[in-house]
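Hello,

Here is the structure I said I would pass on. My notes on it follow below.

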Amino acid sequence: MASGVLVSDDVVQIFNNMKVRKSSTPEEVKKRKKAVLFCIGPDMRNIIAEEGKEILVGDVGETVKDPYDTFVKLLPKDDCRYALYDATYETRETKKEDLVFIFWAPDGAPLKSKMVYASSKEAIKKKFTGIKHEWQVNGLDDIQDRLTLAEKLGGSTVISLEGKPI
């Protein structure tokens, strides 16, 4: 069942900018988003980018030592969110980067929130064309261990995630 919640143009623009990795100046690369959270706005009509809930590529290594741990800390403990995470990982053969669409629905979130986010998920997924990896997460235990994300990305072939061995 669809909720009737719409995806703001801003959200689509953020996705398109994260998806396209065209050769850019070092300054442009630093401004690229590594991770971003999306929420349903206060009017309950639009999915929007959540203010201040992002990690920029330029922050990694400077103010952000571990982008994955920092991303996990951005997630609210008691409410749902959608997220895009630009995972950098290594397999036995090569280094890769893939976008992961995450539906965060922690067990402690209000039932109404879980229902609205679940019924609006298809709307945002349709706008995110070409996403290879989708992950529904229901609690910190599921997401804190980077092994679960590594399995989503490539199973046992993944040997490191964000520069840390698996």
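How many residues lie between β4 and β5 in the hairpin they form? There are three. Please keep in mind that this is a predicted model.

Strand β2 (residues 33–40) runs antiparallel to β4 and is joined to it by four bridges, with F38 opposite Y82. Strand β7 (residues 158–161) is also antiparallel to β4, over three bridges; here T91 faces V158.

Is β4 largely enclosed by the rest of the structure, or open, and why? Nine of its eleven residues are buried, that is, under 20% relative accessible area, so the strand is largely enclosed. For the chain as a whole, 43% of the 166 residues count as buried.

On the overall fold: the chain has six helices and eight strands, in the order β-α-α-β-β-α-β-β-α-β-α-α-β-β. Along the principal axes, the C-alpha atoms fill a box of roughly 45 × 35 × 30 Å. Of the contacts with a separation of 6 or more, 64% join residues 24 or more positions apart.

The chain carries 27 positive and 27 negative charges, and their mean positions are 3 Å apart.

Regards

Technical notes. Residues numbered from 1 in each chain as written. Predicted model: local features only at pLDDT ≥ 70, side-chain atom pairs only at ≥ 80, totals over all residues. Heavy atoms only, no water. Buried < 20%, exposed > 50% of the residue type's maximum accessible area, 1.4 Å probe, protein only. Helix = DSSP H or I, 4+ residues; strand = E, 2+ residues; numbered from the N terminus. Pairing = 2+ DSSP bridges. Contact = heavy atoms within 4.5 Å. Lys, Arg positive; Asp, Glu negative; His and termini not counted. Charge placed at Lys NZ, Arg CZ, Asp CG, Glu CD.
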